[in-house]
Amino acid sequence: MRTPRELRTRYAYMWEGYNIGISVPRGWIESFATLCVEIDELLGEDKRGFHWVQVKEKFGTARFYWHMQSPGPTHIDDQSPHGHASFKNASSAGEGHSESSLQQRIGTLVASAEKETAKRCAMCGAFGNLDSTGGYYLTLCSAHSKQRHDNTLQSMWEWGQDE
Ligand SMILES: [Zn+2]
């Protein structure tokens, strides 16, 4: 099992530069670790200043915000102010070597990782459903959902706040 600290050591450049908080619930660390590995492989030798801007939980799903430097004068930076690229037709992009294609591919990886966390318990990573006990949405497996209902649920941030 990997931890945010291990990931930060392994992929230090992803934690460099400006960020407003990188917190990963325990159950989603595997999804996040896989995402880091995939992006690292996609970037190759030149990391292009890629880094996480914010990682958080919202409405039961992880949000992974990132930023990457513009490599040259012809590049158009089409990311939002929060550094979160969203591309609707990324999978149909055909230009394998262009920088915008690289950003689209990262955007696709990030979107699919976020989608995966919507189905995973934030505590343990098992299959989960959206739980709204207490009015705050969390994706939890049945066992952790019961714990939450019984008010015995531990913090899902145990690993996420070791910045
Ligand atoms: Zn669970």
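Colleague: How are the donor residues of the zinc ion spaced in sequence?

Modeller: In this predicted model, the spacing of the zinc donors along the chain is C-x2-C-x16-C-x2-H.

Colleague: Which residues and atoms are those, and at what distances?

Modeller: The zinc ion is coordinated by SG of Cys121, SG of Cys124, SG of Cys141 and ND1 of His144, at 2.0 to 2.3 Å. Of these, Cys124 and Cys141 link distant parts of the chain, 17 residues apart. Cys124 sits in the loop between α3 (99-117) and β3 (129-131), while Cys141 lies in the loop between β4 (138-140) and α4 (142-149).

Colleague: What is the arrangement of the donor atoms, and why?

Modeller: The arrangement is tetrahedral because the 4 donor atoms subtend angles of 102 to 115° around the zinc ion.

Colleague: Is Cys124 buried, partly exposed or exposed? And what about Cys141?

Modeller: Cys124 is partly exposed, at 38% relative accessibility. Cys141, by contrast, is buried, with a relative accessible area of 7%.

Colleague: Changing topic to the strands: in which sense do β1 and β2 pair?

Modeller: Strand β1 (residues 51-58) pairs with β2 in the antiparallel sense, over 7 bridges. Within this pairing, Lys56 is opposite Arg63 in β2.

Colleague: What is in the turn of that hairpin?

Modeller: There are 2 residues between β1 and β2. Phe59, in the turn, has a positive phi of about 50°.

Notes:
Residues are numbered from 1 along each chain as its sequence is written. This is a predicted model: local features need pLDDT of at least 70, side-chain atom pairs count only at pLDDT 80 or more; totals for chains, interfaces and linings use all residues. Side-chain values use heavy atoms; hydrogens and water are left out. Donors are N, O and S atoms within 2.8 Å of the metal (3.2 Å for Na, K and Ca); water is not among the atoms, so sites may look incomplete. Four donors count as tetrahedral if all angles lie between 85 and 135 degrees; four count as square planar and six as octahedral if opposite donors are over 155 degrees apart and all others between 65 and 115; anything else is irregular. Helices (H or I, at least four residues) and strands (E, at least two) are DSSP runs, numbered from the N terminus. Buried means under 20% relative accessible area, exposed over 50%, partly exposed in between (1.4 Å probe, protein chains only). Two strands pair if DSSP finds at least two bridges between them.
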